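I opened this model to look at its ligand site, its pockets and its backbone angles. My entries follow.

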Amino acid sequence: MATVRPLIAGNWKMNGLSHQIAEAEAVAKGLAETPSSARVAICPPATLIDRISRELADSGVEVGGQDCHAEACGAFTGDVCAEMLADAGATLVILGHSERRAGYGETDAVVASKVEAALRAGLEPIVCVGETLEQRKAGQAVQVVQAQVRGSLPQSLKRRAFSVAYEPVWAIGTGLTPTLEDIEEVHVAVRAVLVEAFGEQGATVPILYGGSVKPSNAGEILHVKDVGGALVGGASLKASDFLGIIRAL
Ligand code: PEP
């Protein structure tokens, strides 16, 4: 199987004012001093993408959006389209985060249409999937996640760069994480669907783990079979913590 460069992406969620641009700069500075074998990305709120992209230009740290509308323009007050993210300097976009699925009713079909939008704008999608605690307790985690992967990834992703982030809903922002065996079970199951849907390409798509990753648990999680990086929420807000995770690779 071809080796894939791991991706470690920080999801700042709805956090980030001008003064926090310094945290992004500190990440770039840390990586300049001690380079990483991983690709590193920061996904700040849309309001900071332009400024952070300018600050991080030539640093190797990529900048991403956290969501986009499926349409390219129009009467969608308050929304941001993929072309706007790309225009502001983003190269990636997180799609289908569980906070979007739960809070805004985003179905797999909606996520798939946003993936099409991201590709249209030249953005690399990071597509999130993950089971709820009830689904895990009912023994449905693998089945739920595989169905989300099948429904959220359109065939237009063939030969395009993208990644999948497995984020158990109950592990996001809670300090709880699945066992390493449970992470491996789901990642291997996601890999199987990727290979089924995309053939050889599916074997090299990074499958990130997300959910309460921090410097102290990153090393063991990042070395689980088929874990190709991490999507990091809370711990990406402080450069020292985010760098600690990147260095655990
Ligand atoms: C996330 O929001 O994608 C996430 C993984 O959050 P946290 O790391 O805070 O659990």
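This is a predicted model: local features need pLDDT of at least 70, side-chain atom pairs count only at pLDDT 80 or more; totals for chains, interfaces and linings use all residues.

Entry 1, backbone. I began with aspartate 226, which sits in the loop between α9 (215–222) and β8 (229–232). Helices (H or I, at least four residues) and strands (E, at least two) are DSSP runs, numbered from the N terminus. Phi of aspartate 226 is near 70°, a positive value in a residue other than glycine. I looked up lysine 13 too: its phi is near 50°, also positive in a non-glycine residue. Lysine 13 belongs to the loop between β1 (7–11) and α1 (21–33). I noted these angles because most residues other than glycine have a negative phi.

Residues are numbered from 1 along each chain as its sequence is written, and side-chain values use heavy atoms, with hydrogens and water left out.

Which residues are closest to the ligand? I found 14 residues around the ligand, the closest being Lys13, Glu167, Gly173, Ser212 and Gly233. Near means a heavy atom within 4 Å. By class, this shell has 4 nonpolar, 8 polar and 2 charged residues. Here Ala, Val, Leu, Ile, Met, Phe, Trp, Tyr, Cys and Pro count as nonpolar, Asp, Glu, Lys and Arg as charged, and the others, Gly among them, as polar.

I then checked polar contacts (pairs of N or O atoms within 3.5 Å). A ligand oxygen lies 2.6 Å from a side-chain N or O atom of lysine 13. For the side chain of glutamate 167, the distance from a ligand oxygen is 2.7 Å. For asparagine 11 it is 3.4 Å. Taken alone, the ligand exposes 290 Å², and the protein buries 95% of that. Areas come from the Shrake-Rupley method with a 1.4 Å probe.

I used a 1 Å grid over the protein atoms alone; a pocket is an open set of points where a 1.4 Å probe fits, with protein on both sides within 12 Å along at least five of seven lines, and lining residues have an atom within 4 Å of a point. The largest pocket holds about 570 Å³ of space. Its lining has 21 residues, and Met14, Gln66, Asp67, Arg100 and Tyr104 are closest to its centre. α2 gives the most to this lining, with 3 residues.

Where does the ligand sit? The ligand takes the space of the second largest pocket, with more than half of its atoms within 2 Å of the grid points as the test. That pocket has about 190 Å³ of space.

Conventions
A polar contact is a pair of N or O atoms within 3.5 Å; within protein, one must be able to donate a hydrogen and the other to accept it, and residues adjacent in sequence count only if both atoms are side-chain atoms. Grid points are joined across faces, edges and corners, and a volume is the space filled by probe spheres set on the points.
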